[in-house]
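Please go through the briefing below with the structure open. The points are grouped by topic.

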Amino acid sequence: MMHDPEKSDDPIVAVKPANAPGRPDGEWVEPRGKAEGNADETAMLRAQDREGMSQGLDRVREAARGRKEERFTSLLHHIDVAALRRAYHGLNRKAAAGIDGTTWEDYGKGLEARLKDLLERVHRGAYRAQPSRRTYIPKSDGRRRPLGIAALEDKVLQSAVVEVLNEIYEEDFLGFSYGFRPERGQHDALDALAFAIEHRKVNYILDADIRAFFDTLSHEWLMTFLERRIGDSRILRLIRKWLRAGVLEDGVWSDSPQGTPQGAVISPLLANVYLHYVLDVWADAWRSWAEGEVIIVRYADDVVVGFQYKATAERFLREMRQRLEQHGLALHPEKTRLIEFGRYAGERRAKRGQGKPETFNFLGFTHVAGSDRRGAFQLKRITRRDRMRDRLRAIKEGLKRRWHASIEEQGAWLGQVVRGYFAYHAVPTNKPKLWGFRGQVRYLWLKALRRRSQKDDTSWEFLDRLAEQWLPPIQILHPWPSDRFRRQHPRWEPGAGKLHAGICAGGGQQ
(Lines give C-alpha, C1' and ligand atoms only; values in the text may rest on other atoms or scores of the structure.)
Protein backbone atom coordinates (compact mmCIF):
# COMPACT_ATOMS: atom_id res chain seq x y z
CA MET A 1 0.00 0.00 0.00
CA MET A 2 1.15 3.52 -0.75
CA HIS A 3 2.34 5.74 2.06
CA ASP A 4 3.12 9.42 2.15
CA PRO A 5 6.93 9.58 2.47
CA GLU A 6 7.30 13.28 2.81
CA LYS A 7 6.47 14.09 6.37
CA SER A 8 8.24 16.51 8.64
CA ASP A 9 11.14 15.39 10.84
CA ASP A 10 8.70 14.49 13.58
CA PRO A 11 7.18 11.02 13.08
CA ILE A 12 3.81 12.26 14.35
CA VAL A 13 1.87 14.57 12.07
CA ALA A 14 -1.27 16.42 13.10
CA VAL A 15 -4.39 16.38 10.99
CA LYS A 16 -7.24 18.75 10.32
CA PRO A 17 -10.88 18.27 9.30
CA ALA A 18 -11.38 17.77 5.60
CA ASN A 19 -13.20 20.54 3.76
CA ALA A 20 -13.59 18.95 0.36
CA PRO A 21 -17.28 18.82 -0.57
CA GLY A 22 -18.71 15.35 -0.57
CA ARG A 23 -16.09 13.87 1.74
CA PRO A 24 -17.69 11.89 4.54
CA ASP A 25 -17.98 13.39 8.00
CA GLY A 26 -15.07 12.46 10.16
CA GLU A 27 -12.58 12.20 7.28
CA TRP A 28 -9.31 13.92 8.05
CA VAL A 29 -6.53 15.07 5.79
CA GLU A 30 -2.95 16.17 6.05
CA PRO A 31 -2.58 19.85 6.99
CA ARG A 32 -1.04 22.48 4.82
CA GLY A 33 1.19 25.27 5.92
CA LYS A 34 0.04 28.85 6.10
CA ALA A 35 0.27 30.93 2.96
CA GLU A 36 3.17 33.32 2.87
CA GLY A 37 3.09 36.82 1.47
CA ASN A 38 -0.20 38.25 0.31
CA ALA A 39 -2.67 35.47 1.11
CA ASP A 40 -5.62 37.29 -0.45
CA GLU A 41 -3.76 37.72 -3.73
CA THR A 42 -2.73 34.06 -3.75
CA ALA A 43 -6.28 32.92 -3.08
CA MET A 44 -7.59 35.17 -5.85
CA LEU A 45 -5.06 33.80 -8.36
CA ARG A 46 -5.93 30.22 -7.48
CA ALA A 47 -9.64 30.93 -7.77
CA GLN A 48 -9.09 32.43 -11.21
CA ASP A 49 -6.97 29.44 -12.18
CA ARG A 50 -9.72 27.02 -11.22
CA GLU A 51 -12.35 29.03 -13.06
CA GLY A 52 -10.28 29.10 -16.24
CA MET A 53 -9.42 25.43 -15.96
CA SER A 54 -12.88 24.04 -15.34
CA GLN A 55 -14.39 24.44 -18.79
CA GLY A 56 -11.55 22.75 -20.66
CA LEU A 57 -11.27 19.82 -18.27
CA ASP A 58 -15.04 19.49 -18.09
CA ARG A 59 -15.02 18.87 -21.82
CA VAL A 60 -12.34 16.21 -21.37
CA ARG A 61 -14.43 14.49 -18.69
CA GLU A 62 -17.58 14.64 -20.81
CA ALA A 63 -15.75 13.07 -23.73
CA ALA A 64 -14.29 10.37 -21.48
CA ARG A 65 -17.74 9.63 -20.06
CA GLY A 66 -19.49 9.44 -23.40
CA ARG A 67 -16.84 7.73 -25.50
CA LYS A 68 -15.23 4.90 -23.57
CA GLU A 69 -12.93 3.93 -26.45
CA GLU A 70 -11.77 7.47 -27.17
CA ARG A 71 -8.01 8.12 -27.31
CA PHE A 72 -7.20 11.67 -26.29
CA THR A 73 -4.62 13.00 -28.74
CA SER A 74 -4.43 16.60 -27.50
CA LEU A 75 -3.97 17.02 -23.76
CA LEU A 76 -0.75 18.94 -23.20
CA HIS A 77 -2.36 22.31 -23.94
CA HIS A 78 -4.35 21.91 -20.69
CA ILE A 79 -1.05 22.23 -18.82
CA ASP A 80 -0.31 25.96 -18.72
CA VAL A 81 1.17 28.33 -16.15
CA ALA A 82 -2.14 28.41 -14.26
CA ALA A 83 -2.20 24.60 -14.02
CA LEU A 84 1.40 24.55 -12.80
CA ARG A 85 0.62 27.26 -10.26
CA ARG A 86 -2.31 25.22 -8.92
CA ALA A 87 -0.06 22.18 -8.75
CA TYR A 88 2.60 24.07 -6.82
CA HIS A 89 0.15 25.41 -4.25
CA GLY A 90 -1.35 21.94 -3.83
CA LEU A 91 1.95 20.36 -2.75
CA ASN A 92 2.88 19.62 0.83
CA ARG A 93 4.84 22.65 1.99
CA LYS A 94 6.84 20.67 4.54
CA ALA A 95 7.77 17.79 2.25
CA ALA A 96 11.36 16.61 2.09
CA ALA A 97 13.45 17.94 -0.78
CA GLY A 98 14.62 15.86 -3.74
CA ILE A 99 18.16 15.51 -5.01
CA ASP A 100 18.40 19.21 -5.92
CA GLY A 101 17.68 20.24 -2.32
CA THR A 102 14.94 22.65 -3.42
CA THR A 103 12.14 23.06 -0.89
CA TRP A 104 8.64 24.38 -1.45
CA GLU A 105 9.64 27.78 -0.05
CA ASP A 106 12.76 27.91 -2.24
CA TYR A 107 10.81 27.21 -5.39
CA GLY A 108 8.26 29.87 -4.49
CA LYS A 109 10.91 32.59 -4.78
CA GLY A 110 10.43 33.89 -8.29
CA LEU A 111 7.62 31.38 -8.80
CA GLU A 112 6.11 32.86 -11.97
CA ALA A 113 9.45 32.95 -13.77
CA ARG A 114 10.19 29.36 -12.73
CA LEU A 115 6.81 28.13 -13.93
CA LYS A 116 7.11 29.91 -17.28
CA ASP A 117 10.57 28.43 -17.79
CA LEU A 118 9.33 24.94 -16.88
CA LEU A 119 6.38 25.22 -19.27
CA GLU A 120 8.59 26.44 -22.09
CA ARG A 121 10.97 23.51 -21.63
CA VAL A 122 8.09 21.05 -21.56
CA HIS A 123 6.57 22.32 -24.79
CA ARG A 124 9.85 22.33 -26.73
CA GLY A 125 10.86 18.92 -25.38
CA ALA A 126 13.83 20.18 -23.36
CA TYR A 127 12.45 19.15 -19.95
CA ARG A 128 14.52 16.48 -18.20
CA ALA A 129 13.23 14.48 -15.25
CA GLN A 130 15.62 14.24 -12.31
CA PRO A 131 16.30 10.99 -10.44
CA SER A 132 14.37 10.38 -7.22
CA ARG A 133 16.23 10.58 -3.94
CA ARG A 134 16.06 7.17 -2.27
CA THR A 135 15.11 7.07 1.37
CA TYR A 136 13.56 4.47 3.65
CA ILE A 137 10.87 4.32 6.30
CA PRO A 138 10.57 1.48 8.83
CA LYS A 139 7.80 -1.11 8.47
CA SER A 140 6.00 -2.80 11.34
CA ASP A 141 7.73 -6.11 10.58
CA GLY A 142 11.18 -4.59 11.07
CA ARG A 143 11.98 -4.20 7.38
CA ARG A 144 12.31 -0.89 5.58
CA ARG A 145 10.11 0.44 2.80
CA PRO A 146 12.02 2.19 -0.02
CA LEU A 147 10.72 5.57 -1.09
CA GLY A 148 11.67 7.85 -3.94
CA ILE A 149 11.42 11.59 -3.31
CA ALA A 150 11.14 13.57 -6.53
CA ALA A 151 12.61 17.00 -7.12
CA LEU A 152 10.21 19.89 -6.52
CA GLU A 153 9.99 20.81 -10.20
CA ASP A 154 9.09 17.23 -11.10
CA LYS A 155 6.40 17.19 -8.42
CA VAL A 156 4.83 20.34 -9.86
CA LEU A 157 4.68 18.97 -13.38
CA GLN A 158 3.51 15.53 -12.27
CA SER A 159 0.71 17.07 -10.23
CA ALA A 160 -0.45 19.11 -13.22
CA VAL A 161 -0.46 16.02 -15.43
CA VAL A 162 -2.40 14.06 -12.79
CA GLU A 163 -5.06 16.79 -12.72
CA VAL A 164 -5.66 16.34 -16.44
CA LEU A 165 -5.52 12.53 -16.50
CA ASN A 166 -7.89 12.26 -13.55
CA GLU A 167 -10.63 13.75 -15.71
CA ILE A 168 -10.32 10.74 -18.01
CA TYR A 169 -9.66 7.92 -15.60
CA GLU A 170 -12.24 8.94 -13.02
CA GLU A 171 -14.79 8.05 -15.69
CA ASP A 172 -13.13 4.66 -16.23
CA PHE A 173 -12.21 3.44 -12.75
CA LEU A 174 -14.73 1.10 -11.14
CA GLY A 175 -16.73 1.72 -8.00
CA PHE A 176 -14.79 -0.69 -5.80
CA SER A 177 -11.47 1.10 -6.42
CA TYR A 178 -10.78 3.60 -3.63
CA GLY A 179 -7.07 4.29 -3.30
CA PHE A 180 -5.81 7.81 -4.02
CA ARG A 181 -8.88 8.99 -5.91
CA PRO A 182 -10.64 12.37 -5.58
CA GLU A 183 -13.42 12.43 -3.00
CA ARG A 184 -12.58 8.92 -1.78
CA GLY A 185 -10.70 7.91 1.31
CA GLN A 186 -9.72 4.95 3.42
CA HIS A 187 -12.88 5.09 5.51
CA ASP A 188 -15.00 4.95 2.37
CA ALA A 189 -13.30 1.66 1.50
CA LEU A 190 -13.64 0.39 5.07
CA ASP A 191 -17.35 1.25 5.14
CA ALA A 192 -17.99 -0.41 1.77
CA LEU A 193 -16.33 -3.61 2.96
CA ALA A 194 -18.16 -3.58 6.30
CA PHE A 195 -21.50 -3.00 4.61
CA ALA A 196 -20.94 -5.85 2.17
CA ILE A 197 -19.90 -8.30 4.90
CA GLU A 198 -22.89 -7.44 7.07
CA HIS A 199 -25.58 -7.18 4.38
CA ARG A 200 -24.53 -9.44 1.51
CA LYS A 201 -24.02 -13.20 1.33
CA VAL A 202 -20.35 -13.24 2.31
CA ASN A 203 -19.08 -16.48 3.84
CA TYR A 204 -15.44 -16.41 2.75
CA ILE A 205 -12.87 -13.63 2.53
CA LEU A 206 -9.83 -13.54 0.27
CA ASP A 207 -7.22 -11.19 1.73
CA ALA A 208 -4.88 -10.75 -1.24
CA ASP A 209 -1.40 -9.25 -0.95
CA ILE A 210 0.42 -8.35 -4.18
CA ARG A 211 4.11 -8.82 -3.52
CA ALA A 212 6.22 -5.64 -3.96
CA PHE A 213 3.65 -4.20 -6.38
CA PHE A 214 5.13 -0.71 -6.73
CA ASP A 215 8.61 -2.15 -7.24
CA THR A 216 7.70 -4.77 -9.84
CA LEU A 217 5.00 -3.39 -12.14
CA SER A 218 6.07 -3.61 -15.78
CA HIS A 219 6.82 -0.36 -17.63
CA GLU A 220 5.92 -2.03 -20.92
CA TRP A 221 2.50 -3.14 -19.71
CA LEU A 222 1.88 0.22 -18.05
CA MET A 223 2.56 2.17 -21.23
CA THR A 224 0.36 -0.27 -23.18
CA PHE A 225 -2.50 0.37 -20.76
CA LEU A 226 -2.01 4.15 -20.88
CA GLU A 227 -2.04 4.17 -24.68
CA ARG A 228 -5.56 2.74 -24.65
CA ARG A 229 -6.84 6.17 -23.58
CA ILE A 230 -3.92 8.56 -24.01
CA GLY A 231 -2.96 9.33 -27.62
CA ASP A 232 -0.98 12.50 -26.89
CA SER A 233 2.62 11.41 -27.47
CA ARG A 234 3.92 14.38 -25.47
CA ILE A 235 2.11 13.24 -22.30
CA LEU A 236 3.29 9.67 -22.82
CA ARG A 237 6.85 10.92 -23.30
CA LEU A 238 6.72 12.76 -19.98
CA ILE A 239 5.56 9.62 -18.19
CA ARG A 240 8.35 7.59 -19.76
CA LYS A 241 10.88 10.16 -18.57
CA TRP A 242 9.62 9.86 -14.99
CA LEU A 243 9.68 6.08 -15.12
CA ARG A 244 13.22 5.99 -16.50
CA ALA A 245 14.70 8.76 -14.34
CA GLY A 246 16.13 6.22 -11.89
CA VAL A 247 17.04 6.76 -8.25
CA LEU A 248 19.99 8.30 -6.46
CA GLU A 249 21.15 6.70 -3.22
CA ASP A 250 24.32 7.75 -1.39
CA GLY A 251 25.41 9.61 -4.49
CA VAL A 252 25.10 6.56 -6.74
CA TRP A 253 22.57 6.53 -9.60
CA SER A 254 20.77 3.31 -10.46
CA ASP A 255 18.38 2.48 -13.26
CA SER A 256 14.72 1.65 -12.65
CA PRO A 257 13.74 -0.85 -15.37
CA GLN A 258 10.49 -1.67 -13.59
CA GLY A 259 8.26 -0.25 -10.88
CA THR A 260 7.28 3.28 -10.01
CA PRO A 261 8.70 5.11 -6.97
CA GLN A 262 6.52 5.26 -3.89
CA GLY A 263 6.60 8.96 -3.16
CA ALA A 264 6.29 10.30 -6.71
CA VAL A 265 3.13 12.37 -7.25
CA ILE A 266 2.29 10.46 -10.42
CA SER A 267 2.75 6.98 -8.91
CA PRO A 268 -0.69 6.50 -7.31
CA LEU A 269 -2.47 7.27 -10.58
CA LEU A 270 -0.16 5.01 -12.58
CA ALA A 271 -0.70 2.23 -10.05
CA ASN A 272 -4.47 2.61 -10.32
CA VAL A 273 -4.31 2.51 -14.12
CA TYR A 274 -2.20 -0.65 -14.00
CA LEU A 275 -4.48 -2.48 -11.56
CA HIS A 276 -7.61 -1.20 -13.31
CA TYR A 277 -6.71 -3.14 -16.44
CA VAL A 278 -4.91 -6.08 -14.82
CA LEU A 279 -7.33 -6.73 -11.95
CA ASP A 280 -10.43 -4.54 -11.74
CA VAL A 281 -11.88 -4.98 -15.24
CA TRP A 282 -11.06 -8.67 -15.21
CA ALA A 283 -12.50 -9.27 -11.72
CA ASP A 284 -15.66 -7.31 -12.49
CA ALA A 285 -16.28 -9.42 -15.58
CA TRP A 286 -15.35 -12.63 -13.72
CA ARG A 287 -17.95 -12.11 -11.02
CA SER A 288 -20.71 -11.41 -13.55
CA TRP A 289 -20.91 -15.13 -14.30
CA ALA A 290 -19.62 -16.52 -11.00
CA GLU A 291 -21.83 -18.71 -8.84
CA GLY A 292 -23.11 -16.82 -5.82
CA GLU A 293 -22.33 -13.29 -4.74
CA VAL A 294 -18.86 -11.79 -5.07
CA ILE A 295 -17.91 -8.45 -3.54
CA ILE A 296 -14.66 -6.57 -4.15
CA VAL A 297 -12.96 -3.68 -2.38
CA ARG A 298 -9.55 -2.41 -3.48
CA TYR A 299 -7.48 0.37 -1.98
CA ALA A 300 -4.32 0.77 -4.09
CA ASP A 301 -2.66 -2.67 -3.93
CA ASP A 302 -4.68 -3.84 -0.90
CA VAL A 303 -7.44 -6.13 -2.17
CA VAL A 304 -10.23 -7.88 -0.26
CA VAL A 305 -12.74 -10.11 -2.05
CA GLY A 306 -15.78 -11.71 -0.43
CA PHE A 307 -17.55 -14.85 -1.67
CA GLN A 308 -20.72 -16.76 -0.97
CA TYR A 309 -19.25 -20.15 -1.88
CA LYS A 310 -15.83 -21.61 -1.11
CA ALA A 311 -15.47 -23.29 -4.50
CA THR A 312 -15.98 -19.92 -6.21
CA ALA A 313 -13.37 -18.35 -3.96
CA GLU A 314 -10.81 -21.06 -4.67
CA ARG A 315 -11.32 -20.79 -8.42
CA PHE A 316 -11.04 -17.00 -8.28
CA LEU A 317 -7.79 -17.24 -6.34
CA ARG A 318 -6.27 -19.66 -8.86
CA GLU A 319 -7.26 -17.55 -11.83
CA MET A 320 -6.29 -14.28 -10.14
CA ARG A 321 -2.81 -15.66 -9.51
CA GLN A 322 -2.51 -16.60 -13.17
CA ARG A 323 -3.84 -13.21 -14.28
CA LEU A 324 -1.29 -11.32 -12.20
CA GLU A 325 1.59 -13.52 -13.34
CA GLN A 326 0.72 -12.77 -16.97
CA HIS A 327 1.35 -9.09 -16.22
CA GLY A 328 4.53 -9.37 -14.19
CA LEU A 329 2.96 -9.48 -10.72
CA ALA A 330 2.69 -12.15 -8.03
CA LEU A 331 0.67 -12.78 -4.90
CA HIS A 332 2.64 -13.02 -1.69
CA PRO A 333 2.43 -16.72 -0.77
CA GLU A 334 2.42 -16.13 2.98
CA LYS A 335 0.30 -12.98 3.22
CA THR A 336 -2.46 -14.03 0.81
CA ARG A 337 -5.15 -15.91 2.75
CA LEU A 338 -8.58 -17.39 2.08
CA ILE A 339 -10.53 -17.65 5.33
CA GLU A 340 -14.03 -18.52 6.44
CA PHE A 341 -15.69 -15.31 7.60
CA GLY A 342 -19.09 -13.66 7.86
CA ARG A 343 -22.39 -13.90 9.68
CA TYR A 344 -22.45 -17.68 9.98
CA ALA A 345 -18.74 -18.43 10.22
CA GLY A 346 -18.70 -18.63 14.01
CA GLU A 347 -21.68 -20.96 14.18
CA ARG A 348 -20.36 -23.27 11.46
CA ARG A 349 -16.89 -23.48 12.93
CA ALA A 350 -18.30 -24.15 16.40
CA LYS A 351 -20.24 -27.14 15.04
CA ARG A 352 -17.02 -28.48 13.55
CA GLY A 353 -15.12 -27.82 16.77
CA GLN A 354 -12.73 -25.39 15.05
CA GLY A 355 -12.95 -22.42 17.36
CA LYS A 356 -13.47 -18.77 16.45
CA PRO A 357 -13.18 -17.54 12.83
CA GLU A 358 -9.83 -16.19 11.71
CA THR A 359 -9.37 -12.43 11.40
CA PHE A 360 -7.91 -10.32 8.61
CA ASN A 361 -6.35 -6.87 8.36
CA PHE A 362 -7.34 -4.05 6.05
CA LEU A 363 -6.27 -0.40 6.12
CA GLY A 364 -4.98 -0.40 9.68
CA PHE A 365 -7.85 -2.36 11.27
CA THR A 366 -8.18 -5.99 12.26
CA HIS A 367 -11.60 -7.27 11.14
CA VAL A 368 -13.23 -9.70 13.56
CA ALA A 369 -16.38 -11.79 13.07
CA GLY A 370 -17.88 -11.00 16.46
CA SER A 371 -21.27 -10.49 18.05
CA ASP A 372 -23.13 -7.67 19.76
CA ARG A 373 -24.62 -7.72 23.26
CA ARG A 374 -27.66 -9.63 22.03
CA GLY A 375 -25.55 -12.32 20.44
CA ALA A 376 -26.25 -11.23 16.86
CA PHE A 377 -23.43 -11.07 14.32
CA GLN A 378 -21.43 -7.87 14.36
CA LEU A 379 -18.34 -7.04 12.36
CA LYS A 380 -15.80 -5.59 14.77
CA ARG A 381 -12.98 -3.38 13.55
CA ILE A 382 -10.16 -2.84 16.00
CA THR A 383 -6.83 -1.09 15.56
CA ARG A 384 -4.08 -3.41 14.44
CA ARG A 385 -1.78 -4.26 17.32
CA ASP A 386 1.39 -3.53 15.36
CA ARG A 387 0.09 -0.14 14.19
CA MET A 388 -0.68 0.91 17.76
CA ARG A 389 2.69 -0.33 18.93
CA ASP A 390 4.48 1.64 16.20
CA ARG A 391 2.60 4.81 17.05
CA LEU A 392 3.34 4.47 20.76
CA ARG A 393 7.01 3.90 19.98
CA ALA A 394 7.04 7.10 17.92
CA ILE A 395 5.38 8.99 20.79
CA LYS A 396 8.01 7.69 23.19
CA GLU A 397 10.77 8.98 20.92
CA GLY A 398 8.98 12.30 20.55
CA LEU A 399 8.79 12.69 24.32
CA LYS A 400 12.50 12.00 24.62
CA ARG A 401 13.17 14.94 22.37
CA ARG A 402 10.88 17.06 24.53
CA TRP A 403 12.01 15.96 28.00
CA HIS A 404 13.15 19.45 28.90
CA ALA A 405 10.23 21.26 27.27
CA SER A 406 7.58 22.77 29.51
CA ILE A 407 4.57 20.70 30.55
CA GLU A 408 2.40 23.01 28.47
CA GLU A 409 4.48 22.33 25.36
CA GLN A 410 4.45 18.59 25.96
CA GLY A 411 0.72 18.59 26.62
CA ALA A 412 -0.08 20.60 23.49
CA TRP A 413 2.01 18.24 21.37
CA LEU A 414 0.53 15.08 22.89
CA GLY A 415 -2.99 16.43 22.50
CA GLN A 416 -2.34 17.07 18.83
CA VAL A 417 -0.96 13.56 18.37
CA VAL A 418 -3.85 11.83 20.15
CA ARG A 419 -6.46 13.87 18.27
CA GLY A 420 -4.84 12.84 14.99
CA TYR A 421 -4.84 9.19 16.04
CA PHE A 422 -8.49 9.31 17.12
CA ALA A 423 -9.46 11.05 13.87
CA TYR A 424 -8.66 7.84 11.99
CA HIS A 425 -9.17 5.09 14.57
CA ALA A 426 -12.26 6.30 16.44
CA VAL A 427 -14.73 3.98 14.71
CA PRO A 428 -17.61 2.08 16.30
CA THR A 429 -16.53 -1.16 18.07
CA ASN A 430 -12.99 0.20 18.59
CA LYS A 431 -13.52 2.10 21.85
CA PRO A 432 -11.57 -0.41 24.03
CA LYS A 433 -8.51 0.09 21.84
CA LEU A 434 -8.91 3.86 22.09
CA TRP A 435 -8.94 3.59 25.88
CA GLY A 436 -5.85 1.41 25.75
CA PHE A 437 -4.02 3.84 23.49
CA ARG A 438 -4.87 6.86 25.63
CA GLY A 439 -3.85 4.97 28.76
CA GLN A 440 -0.49 4.08 27.25
CA VAL A 441 0.08 7.70 26.24
CA ARG A 442 -0.58 8.76 29.83
CA TYR A 443 1.90 6.15 31.09
CA LEU A 444 4.59 7.30 28.65
CA TRP A 445 4.03 10.90 29.67
CA LEU A 446 4.35 10.02 33.36
CA LYS A 447 7.63 8.16 32.72
CA ALA A 448 8.97 11.10 30.73
CA LEU A 449 8.13 13.57 33.49
CA ARG A 450 9.70 11.40 36.19
CA ARG A 451 12.94 10.98 34.23
CA ARG A 452 13.54 14.70 33.93
CA SER A 453 15.02 14.71 37.41
CA GLN A 454 16.13 12.11 39.93
CA LYS A 455 14.05 13.94 42.53
CA ASP A 456 10.92 14.13 40.42
CA ASP A 457 7.96 12.50 42.18
CA THR A 458 5.17 13.21 39.71
CA SER A 459 2.09 11.31 40.91
CA TRP A 460 -0.65 9.59 38.98
CA GLU A 461 -3.12 12.07 40.48
CA PHE A 462 -1.16 14.97 39.00
CA LEU A 463 -0.87 13.14 35.67
CA ASP A 464 -4.64 12.55 35.64
CA ARG A 465 -5.20 16.29 35.90
CA LEU A 466 -2.75 16.91 33.07
CA ALA A 467 -4.44 14.30 30.89
CA GLU A 468 -7.86 15.80 31.52
CA GLN A 469 -6.52 19.20 30.53
CA TRP A 470 -4.49 18.27 27.46
CA LEU A 471 -5.59 14.91 26.06
CA PRO A 472 -8.89 14.62 24.16
CA PRO A 473 -11.61 12.43 25.68
CA ILE A 474 -12.58 9.07 24.23
CA GLN A 475 -15.37 9.47 21.70
CA ILE A 476 -16.39 7.77 18.48
CA LEU A 477 -15.89 10.18 15.58
CA HIS A 478 -17.08 8.01 12.68
CA PRO A 479 -20.65 6.82 12.06
CA TRP A 480 -21.61 3.20 11.74
CA PRO A 481 -20.57 1.92 8.29
CA SER A 482 -24.12 1.20 7.20
CA ASP A 483 -25.27 4.73 8.05
CA ARG A 484 -22.58 6.47 6.05
CA PHE A 485 -22.61 3.97 3.20
CA ARG A 486 -26.37 4.22 2.70
CA ARG A 487 -26.17 8.00 2.81
CA GLN A 488 -23.47 8.04 0.14
CA HIS A 489 -24.91 5.28 -2.06
CA PRO A 490 -28.71 5.33 -1.85
CA ARG A 491 -28.90 3.05 -4.90
CA TRP A 492 -28.44 0.16 -2.51
CA GLU A 493 -31.87 1.06 -1.07
CA PRO A 494 -34.16 -0.81 -1.82
CA GLY A 495 -34.05 -3.35 -4.65
CA ALA A 496 -30.75 -2.17 -6.03
CA GLY A 497 -30.15 -5.60 -7.49
CA LYS A 498 -27.32 -8.02 -7.08
CA LEU A 499 -23.76 -6.83 -6.64
CA HIS A 500 -22.55 -8.25 -9.90
CA ALA A 501 -25.51 -6.72 -11.71
CA GLY A 502 -23.86 -3.33 -11.52
CA ILE A 503 -23.76 -2.13 -7.95
CA CYS A 504 -20.33 -2.57 -6.43
CA ALA A 505 -19.27 -2.88 -2.84
CA GLY A 506 -18.04 0.65 -2.84
CA GLY A 507 -20.96 2.17 -4.60
CA GLY A 508 -21.28 3.56 -8.03
CA GLN A 509 -23.21 2.26 -10.99
CA GLN A 510 -20.91 0.73 -13.57
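The chain has 17 helices and 13 strands in this predicted model. Of its 510 residues, 51% are buried. Among contacts between residues at least 6 apart in sequence, 71% join residues at least 24 apart.

- Three strands make up an open sheet, ordered E11-E12-E13, with antiparallel pairing.
- Strand E11 (360-362) and strand E13 (377-383) are the edge strands, each pairing on one side only.
- From one strand to the next, the twist averages 40°.
- E11 and strand E12 (residues 365-371) run antiparallel and are joined by 3 bridges.
- Across this pairing, phenylalanine 360 stands opposite histidine 367 in E12.
- Helix H6 (residues 186-199) packs on the sheet and touches E11, E12 and E13. The direction of H6 makes about 155° with that of E13.
- In a regular strand, side chains alternate between the two faces of the sheet.

- Aspartate 191 forms a salt bridge with arginine 381, with 3.6 Å between the closest N and O atoms.
- This pair links distant parts of the chain: aspartate 191 lies in helix H6 and arginine 381 in strand E13, 190 residues apart.
- Aspartate 191 and arginine 381 are both buried.

**Other salt bridges**

- The count of salt bridges comes to 28.
- Glutamate 170 and arginine 181 form one of these, their closest N and O atoms being 3.0 Å apart.
- Both partners, glutamate 170 and arginine 181, sit in the loop between H5 and H6, 11 residues apart.
- Glutamate 170 counts as buried because its relative accessibility is 14%, and the cut-off for buried is under 20%.
- Arginine 181, with a relative accessible area of 7%, is therefore buried by that cut-off.
- Aspartate 232 forms a salt bridge with arginine 234, and the closest N and O atoms are 3.1 Å apart.
- Which of these two partners is buried and which is partly exposed? Aspartate 232 is buried, at a relative accessible area of 1%, whereas arginine 234 is partly exposed, at 33%.

**Aspartate 154 in helix H5**

- Aspartate 154 is found in helix H5, which covers residues 152-169.
- Aspartate 154 is buried yet has no salt bridge.
- How far away is the nearest side chain of opposite charge? That side chain belongs to arginine 121 and is 7.2 Å away.
- The side chain of aspartate 154 does make a polar contact, at 2.4 Å, with the side chain of tyrosine 127.
- Setting aside neighbours within four places in sequence, aspartate 154 is in contact with Tyr127, Arg128, Ala129, Gln130 and Trp242.

**Helix H2**

- Helix H2 (residues 81-90) is mostly covered, with 9 of its 10 residues buried.
- The buried residues are Val81, Ala82, Ala83, Leu84, Arg85, Arg86, Ala87, Tyr88 and His89. Arg85 and Arg86 are among them.
- An α-helix has 3.6 residues a turn, so residues three or four places apart point the same way.
- At the start of H2, a side-chain oxygen of aspartate 80 comes to within 3.2 Å of the backbone nitrogen of alanine 82.

**Strand E3 and its partners**

- Strand E3 (residues 132-138) runs parallel to strand E6 (residues 247-249), and 2 bridges join them.
- In this pairing, serine 132 stands opposite valine 247 in E6.
- E3 is also joined to strand E4 (residues 144-149), by 6 bridges, and these strands run antiparallel.
- Proline 138 has arginine 144 in E4 as its bridge partner.

Terms used:
Residues numbered from 1 in each chain as written. Predicted model: local features only at pLDDT ≥ 70, side-chain atom pairs only at ≥ 80, totals over all residues. Heavy atoms only, no water. Helix = DSSP H or I, 4+ residues; strand = E, 2+ residues; numbered from the N terminus. Buried < 20%, exposed > 50% of the residue type's maximum accessible area, 1.4 Å probe, protein only. Lys, Arg positive; Asp, Glu negative; His and termini not counted. Salt bridge = Lys/Arg side-chain N within 4 Å of Asp/Glu carboxyl O. Polar contact = N/O pair within 3.5 Å; in protein donor to acceptor, adjacent residues only side chain to side chain. Contact = heavy atoms within 4.5 Å. Pairing = 2+ DSSP bridges. Axes fitted to C-alpha atoms, helices over the stretch in contact; angles between N-to-C directions.
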